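Hello,

Here is the structure I promised to pass on. Please open it first, then read my notes below.

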Amino acid sequence: DNSFAAHAANQFSQYETDRQMKSTDALYATSNGVPMPHPYETQRVGENGPLLLQDFHLIDLLSHFDRERIPERVVHAKGGGAHGFFECTNPIPDLTQLDLFSAKSKKCPVTVRFSTVGGEAGSHDLARDPRGFAVKFRTEDGNWDLVANNTPVFFLRDPAKFPHFIHTQKRDPSTHLGSGDDSTIFWDYLCNNPESVHQVMVLLGDRGIPDGWRFMHGYSGHTLKLVNKAGDWVYCQIHMKSMQGAKFITQADSATKSPDFSQKDLYDAIERGEYPKWSVEVQTMTPKQAEELWERQRINVFDLTHVWPQAQFPRKKVGEFTLNENAVNYFAEIEQAAFNPAHMPPGIEPSADPVLQSRLFSYPDTHRHRIGPNYQQLPVNAPRTGFRFANFQRDGSMAFYNQGARPNFLSSIDPIQFRDRTVDLDKTHGHFTGHAITFLSEIRPEDFNGPRALWQNVWDEPARERFISNVAGKMALCREKEFLKRQIAIFREVDSDIADRLEKATGVKGYDGIKELRFNGTHNGMANDPKL
Ligand code: HEM
């Protein structure tokens, strides 16, 4: 069949064959499919003359090579992942209309990418750094991306601080030196933004270096909303609990491992048939409980430097996912994967958390830049809906699936179909919990409750000692004593024991507390002088 239709159909069906193709079954050819006798031939004028512009084979080769690199992720550049599936074990249709959570045994394919945050694509994957934990659930109602970390809290609650904070982890604009041997700007940022202290404790504590990706939990961190069929909703936090257990590795041991330790550990485990699994669990809270939590315990659900107390808001298991398939082609299936917190099928919605709200913009924005405007058409990103979907987006570079002859506008002759709205918009969107955004940049006594609980109730004595040693080690690389005095004062607000031990370990006498301090990035709501 010589029709274009037959050719195009063949192209689509070739995808899986190409993915599994062996060299012994393939004939060497240029990108337009013209066979060549050998890859090392060039067309040349005479024996020692210049090359010819007509040598398409060589130009084809070199020009594609010249374009091999796409921008690496601006954060989370070093990572790896795998494919697998999710299965619902304990449906929660009373809480959410999310198709995936609607019935026992409901399954969908997933792709997961794990990463470190600050380092470049070739950096060490056992760096002391939060770990990214991004999951793409290909549900029947479109893709849901849970773009999470392995820590329940974060360094900031004001999105405008994110580029500032991240820049302190990147290369110096003048010397081009990395921050590994000099922690001065790291402490400069942190000692001026004390709301980071909860995450700093997690980072410099045992959980700062997980023993490979298989042995760490994931957390949405942000408060999200679950909306049921009636339009009633609750706030939720999502946890992904490693069914292998959580394990960590010490600073000293991490230095003896390969820079691709976590990548290899995951890849090899899957090849051995030891498929890692995570249990997906939710904490939920009504809007009224959220108001009360603020009134009584000063925990703001839109502030991701705080956690929800698990005794008050217990976790409920919903399902499990298993990673049982390594990528066949890393670039196509993991590097070009585009995870976006704004990808939410009906039943799950963003809360008003300002950091989450900003992320909803930032991810698809970077994807258009990093991969191109039609990145959603790539197989790893393409949804696998339970219906045929179509829309009015057309053209742009690399428009592979360009929706054929269908009208590119809302046509009355060839009308597209719509799903009826199921929820009462007034119910889901008519309510916002107050208070949250009034103190984005104000530090308050309750900011120290979470880290204090870590120090006093969660960690045992050896864990505390490792934390002090990790912080002191990092402080030894700081050129500016003033930053250390301030950071010790911040730790003193968490627990004076931490400050005393750090003073001993570093020989630096910290300030008594933060009451007299002015912060560069944060209004000091605990200051004696209200102008601070
Ligand atoms: C990656 C922005 C906070 C988790 C990224 C990327 C950007 C970004 C631009 C690169 C995405 C790509 O190239 O595909 C931001 C901004 C934040 C923020 C502006 C705050 C204002 C967070 C938080 C979490 C998080 C709070 C976790 C709770 C991740 C993960 C990735 C990522 C897991 C890697 C995704 C992948 O593996 O492809 N972030 N981020 N980020 N971010 Fe964030």
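Tyr-363 puts a polar side-chain atom 2.6 Å from a nitrogen atom of the ligand. Keep in mind that this is a predicted model.

In Arg-113, a polar side-chain atom sits 2.7 Å from an oxygen atom of the ligand. For His-367, the distance from an N or O atom of the side chain to a ligand oxygen is 2.8 Å.

Which elements give two or more residues to the shell around the ligand? They are β3 (131–139), β4 (142–149) and α10 (354–370). The most comes from α10, with seven residues. In total, 24 residues surround the ligand. The closest are Arg-73, Arg-113, Tyr-363, His-367 and Arg-370.

Now the surface. Phe-12, Phe-400 and Tyr-401 form a nonpolar patch there. Together they have about 330 Å² of accessible area. Phe-12 belongs to helix α1, which covers residues 4–19. Is Phe-12 buried, partly exposed or exposed? Its relative accessibility is 47%, so Phe-12 counts as partly exposed. The cut-off for exposed is over 50%.

Last, confidence. The chain has a mean pLDDT of 94. Of its residues, 98% reach 70 or more. For the complex, the predictor gives an ipTM of 0.98 and a pTM of 0.94.

Best wishes

Key
Residues numbered from 1 in each chain as written. Predicted model: local features only at pLDDT ≥ 70, side-chain atom pairs only at ≥ 80, totals over all residues. Heavy atoms only, no water. pLDDT = per-residue confidence, 0-100. Patch = residues over 30% accessible without salt bridge, like charges linked within 9 Å, V, L, I, M, F, W, Y side chains within 5 Å. Areas by Shrake-Rupley, 256 points an atom, 1.4 Å probe, with all protein chains shown as cover. Salt bridge = Lys/Arg side-chain N within 4 Å of Asp/Glu carboxyl O. Helix = DSSP H or I, 4+ residues; strand = E, 2+ residues; numbered from the N terminus. Buried < 20%, exposed > 50% of the residue type's maximum accessible area, 1.4 Å probe, protein only. Near = heavy atom within 4 Å. Polar contact = N/O pair within 3.5 Å; in protein donor to acceptor, adjacent residues only side chain to side chain.
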